[in-house]
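Work through these exercises with the model open. Each task is followed by its solution.

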Amino acid sequence: MWVGFSSHFAANSTREGKKVNQSSSMVKKNSLVGWIGLTYLLGLAAIELWSRIFHHYVFGDRLPFLPLMMVSVYCGIGIMYSWIWQLVWIVKHS
């Protein structure tokens, strides 16, 4: 998403005569994901570890819906963050 929008807005701003400041990007050039994305992925790995290993030992056969609910809520938060970040980026760079 970031690559697509940054190239789109960079192309539009050069056509309009605006200078695009590449240093104001939220993701460093050398990294694929920023620290927020990395933290999110590590949290997703922790939820998967919980649902595969620890949930069975802690709850047994009770609350079988809990791992799926945790993944759904966590992914929903990630999607909302992505949409908000995209909106902020578009408003800031247009």
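**Exercise 1.** Find the element that holds Tyr 57, then decide whether Tyr 57 is buried or exposed.

*Solution.* Tyr 57 sits in helix α2, residues 35-59. Helices here are DSSP runs (H or I, at least four residues), numbered from the N terminus. Next, take the relative accessible area of Tyr 57: 67%. Buried means under 20%, exposed over 50%, partly exposed in between (1.4 Å probe, protein chains only). Tyr 57 is therefore exposed.

This is a predicted model: local features need pLDDT of at least 70, side-chain atom pairs count only at pLDDT 80 or more, and totals for chains, interfaces and linings use all residues. Residues are numbered from 1 along each chain as its sequence is written, and side-chain values use heavy atoms, without hydrogens and water.

**Exercise 2.** Classify His 55 as buried or exposed, and list what His 55 is in contact with beyond four places in sequence.

*Solution.* His 55 also lies in helix α2. Its relative accessibility is 7%, so His 55 is buried. Contact means heavy atoms within 4.5 Å. Beyond four places in sequence, the partners of His 55 are Trp 50, Gly 60, Arg 62, Leu 63, Pro 64, Leu 66 and Pro 67.

How values were computed
Helices (H or I, at least four residues) and strands (E, at least two) are DSSP runs, numbered from the N terminus.
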